[in-house]
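The report below describes a predicted model, moving from its sheet to the core and then to the aromatic rings.

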Amino acid sequence: MSISEDTKELNSYINERVDIDSVATFKGNEHIVKLKLKFDIESIRGALDHIKSTSEFKTAASGFHALAMTRRKDGTADSDKDLVGRYYTRVDDSYEEIAKDELVDESLFSELVDIFKGTYFETIYKELTARYPIGRVRILEKDSYNCNSWHRDPEPRIHIPIYTNPGSLFIVNHHCTHLPADGSVYFTDTRGYHTALNGGEHPRTHLVATLAYPEYQP
């Protein structure tokens, strides 16, 4: 192409209208789907604020904190260290996939941790388990200006945003969107490569439930 053609091509992009509004809303695709199920966000926040007054999150990774909501039968939350579990990633320019951490049997996490009993979270848990095969359920908190690794999980997840901000984004297979905290329930197909990032000024908190299907084999 000539210099004038190159200049014209770039100007055609410069003159396009820039979308600065839809980024503050949800935009789904087949990897991130807003389900019909919905809960009362104020009841969720009230229950979480009460639980946080007596319980501490454990640091699962730098800037990433977790509070177990389910446990193994006859187990205790303190003894269950499976806050992360098996995931797959690519760590260098060979692009070779490797497995990290141990595979977790999600079906064993079938009991609600005591601090969540009698709260609105028990209602959520009963509604989820009535509809879907649910394994580990965790409350996950991400610090501001923090990002997860780029990885894929053995199973998909359910996300219910509790506290968020416009800079909090979820990405699956290069599709990026914001998940508003309004009580909505999202299916996230984390069997694909994904990450979550919080580019905002305040922490982001989600309820995350693993869907206890057999491990996906690509």
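In this predicted model, an open sheet is built from seven strands, which follow one another in the order E1-E14-E11-E16-E8-E3-E2 with antiparallel pairing. Strand E1 (32-38) and strand E2 (58-61) are the edge strands, each pairing on one side only, and from one strand to the next the twist averages 35°. Within the sheet, strand E8 (residues 134-142) is joined to strand E16 (residues 204-211) by seven bridges in the antiparallel sense, and Ile139 stands opposite Leu207 of E16.

Helix H2 (residues 41-52) lies across strand E3 (64-68), E8, strand E11 (157-163) and E16, and runs at about 80° to E11. Helix H3 (residues 120-131) packs on the sheet with contacts to E1, E8, E11 and E16, and its direction makes about 135° with that of E8.

The largest nonpolar core has 28 residues, of which Met69, Phe116, Phe121, Ile139 and Leu207 touch the most other members. At least two residues of this core come from each of H2, H3, E8, E11, strand E14 (184-188) and E16, and H2 gives the most, with five residues. In soluble globular proteins, nonpolar side chains tend to be buried together. Beyond its neighbours within four places in sequence, Ile139 is in contact with a set of residues that includes Leu48, Phe57, Met69, Phe116, Phe121, Ile162 and Leu207; among its other contacts are His65, Thr205 and His206.

Phe26 and Tyr186 form a tilted pair, with 4.9 Å from centre to centre and 55° between the planes. This pair links distant parts of the chain, since Phe26 belongs to the loop between helix H1 (3-14) and E1 while Tyr186 belongs to strand E14, 160 residues apart. Phe26 counts as partly exposed because its relative accessibility is 21%, whereas Tyr186, with a relative accessible area of 0%, is buried. The rings of Phe116 and Phe121 have centres 5.4 Å apart and planes at 90°, so this pair is edge-to-face, and both residues are buried.

Arginine side chains also lie over tyrosine rings, as listed below.

| Arginine | Ring | Distance to the ring centre |
|---|---|---|
| Arg152 | Tyr88 | 4.2 Å |
| Arg191 | Tyr216 | 5.4 Å |

For Arg152, the charged end sits over the ring of Tyr88, and Arg191 lies over the face of Tyr216.

Technical notes
Residues are numbered from 1 along each chain as its sequence is written. This is a predicted model: local features need pLDDT of at least 70, side-chain atom pairs count only at pLDDT 80 or more; totals for chains, interfaces and linings use all residues. Side-chain values use heavy atoms; hydrogens and water are left out. Two strands pair if DSSP finds at least two bridges between them. Helices (H or I, at least four residues) and strands (E, at least two) are DSSP runs, numbered from the N terminus. Axes are lines fitted to C-alpha atoms, for helices over the stretch in contact, and angles run from 0 to 180 degrees between N-to-C directions. Contact means heavy atoms within 4.5 Å. A nonpolar core is a set of buried Ala, Val, Leu, Ile, Met, Phe, Trp, Tyr and Cys residues joined through side-chain atoms within 4.5 Å. Buried means under 20% relative accessible area, exposed over 50%, partly exposed in between (1.4 Å probe, protein chains only). Rings of Phe, Tyr and Trp (its six-membered ring) pair if their centres lie within 6.5 Å; planes under 30 degrees apart count as stacked, over 60 as edge-to-face and the rest as tilted. A charge sits over a ring if NZ of Lys or CZ of Arg is within 6 Å of the ring centre and within 35 degrees of the ring normal.
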